[in-house]
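Work through the two exercises below with the model open. Each task is followed by a stepwise solution.

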Amino acid sequence: MDISYILNEYAEDRENYFRAVSPPIVQTSNFAFEKVDDLRKSFEDEYSGYLYSRGLNPTVEILRKKLAALDGAEDCLVFNSGAAAIFAAVLANVKSGDHIVSVKGVYTWARKMFENILPRFNVTHTYIDGTDIKNFENAIQSNTTVIYLESPNSWTFELQDLKAVAVLAKKNKIITIIDNSYCTPLYQRPVEMGIDLSLQTATKFIGGHSDVLGGVLCGSKQMMEKIFNSEYLTVGSGIQPFNAWLLIRGLRTLPARLERISRTTTAVVDHLKKHPLVEEVIFPFNETFPQYELAKEQMSGICGLLTFVIKAKNIDAIETFCNSLQHILMAVSWGGHESLIIPACAGIKREDFIASREQRMLRLYAGLEDAAYLIADLDQAFKSMASLS
Ligand SMILES: *Cc1c(COP(=O)(O)O)cnc(C)c1O
């Protein structure tokens with residue numbers, strides 16, 4: 001299906017709502033039935049019709065269909081956050097006694113689930129360096145039911161060879177789950193590479209305006225139906241109609257925003273690479289990136305997140321740099337219109353700073369501003385810190 005068709009027309013039944021270009025927000029909690037028998041059928045199979053908006057809802061349905069098509073998947077569920085999508089995908093595929101192989105450095109709340117919640121139910125995990133397929137082979141146990149991937153991750157951008165992992169997992173009857181938030185299905189299509197479940201936060205690129213949270217989970221119809229009837233309905237973490245509508249709106253401009261962000265990011269990366277106060281720029285499309293060839297092969301576009309290692313002898317230099325930025329905001333998240341920065345040293349106590357490479361990392365997200373505007377902001381902040389570094 002053509003991406004333009006998916007984003008602009010597909011799954012919209014305009015003749016049913018006055019040919020309105022923008023779909024209605026069906027802001028209802030429940031749906032009424034004319035006949036007892038219809039109600040009975042709905043109780044028997046809630047996945048086939050509208051009963052209650054914790055389950056299916058027409059506005060959410062438009063979004064689900066578009067997102068499934070974008071991922072090249074049979075079906076999709078949309079959650080109230082990316083974290084909820086992660087939780088449902090994993091929970092649905094483990095039971096007591098099972099084991100998960102996860103790449104290291106995955107999203108914080110995936111880690112917290114592996115480390116703090118699942119062990120209470122006797123589900124164990126092994127973190128591996130996912131850059132080498134041999135590490136997956138070595139970590140798989142007889143009770144491994146899930147391989148959890150994030151390619152690339154959002155700080156240091158290590159990739160996994162998705163096709164190779166999919167082949168290995170299928171041979172061992174293991175479910176593969178990927179967090180595809182960095183690329184979105186526009187720039188990486190894991191389901192087509194054999195991955196079972198592809199998830200992403202919709203809060204970032206799909207929403208695109210830093211005003212809504214959401215999470216996407218795509219896979220087979222059978223798997224989505226299983227998750228719908230269990231985790232989705234039980235936890236009640238589905239997206240609300242208004243938020244779904246905001247995400248449909250975000251989708252309209254997703255390709256245009258990503259194209260612009262790709263160009264801006266390239267310009268910012270090129271500038272940072274030349275800057276005397278930058279030791280290193282970590283970015284999957286740098287020719288010096290260890291997995292550059294794999295990045296070119298399985299990712300079709302450049303996204304807005306990059307990390308740079310700043311030359312700073314002390315934490316004051318880094319803090320001065322960040323505090324001096326006039327336009328780039330200091331905040332978590334990414335994928336919106338606004339450029340953002342997070343220094344790794346914000347995650348440690350000041351007295352623990354030893355100027356290691358990790359502690360001197362800053363993660364930058366390039367938004368929709370002009371590249372020159374962002375570069376000028378970075379440059380003036382470098383000037384402010386120069387005397388301290
Ligand atoms: C933000 C993020 C999530 C979680 O998404 P929320 O919508 O914030 O719950 C998951 N994975 C990655 C890589 C993220 O950056």
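**Exercise 1: the cavity**

The largest cavity holds about 30 Å³ of space. This is a predicted model: local features need pLDDT of at least 70, side-chain atom pairs count only at pLDDT 80 or more, and totals for chains, interfaces and linings use all residues. Residues are numbered from 1 along each chain as its sequence is written, and side-chain values use heavy atoms, without hydrogens and water.

Task: Which residues line the largest cavity?

Solution. 
1. A cavity is a set of points on a 1 Å grid over the protein atoms alone where a 1.4 Å probe fits but cannot get out; lining residues have an atom within 4 Å of a point.
2. List the lining: G55, L56, N57, V60, E61, R64, L77 and Y232.
3. Sort it. There are 4 nonpolar, 2 polar and 2 charged residues.
4. Locate it. Helix α3 (residues 58-71) gives the largest share of the lining, 3 residues.

**Exercise 2: strand β11**

Task: Which way do the residues of strand β11 (residues 340-343) point, and which strands pair with β11?

Solution. 
1. Recall the rule. In a regular strand, side chains alternate between the two faces of the sheet.
2. Apply it. L340 and I342 point one way, I341 and P343 the other. All are buried (under 20% relative accessible area, 1.4 Å probe, protein chains only).
3. Take strand β10 (residues 329-330). β10 pairs with β11 in the parallel sense over 2 bridges. L329 has L340 as its bridge partner in β11.
4. Take strand β12 (residues 361-365). β12 and β11 run antiparallel, joined by 4 bridges. I342 has R363 as its bridge partner in β12.

Methods. 1 Å grid on protein atoms, 1.4 Å probe; cavity = no way out; pocket = protein on both sides within 12 Å on 5 of 7 lines; lining within 4 Å. Points joined across faces, edges and corners; volume = space filled by probe spheres on them. Nonpolar A, V, L, I, M, F, W, Y, C, P; charged D, E, K, R; others polar. Buried < 20%, exposed > 50% of the residue type's maximum accessible area, 1.4 Å probe, protein only. Pairing = 2+ DSSP bridges.
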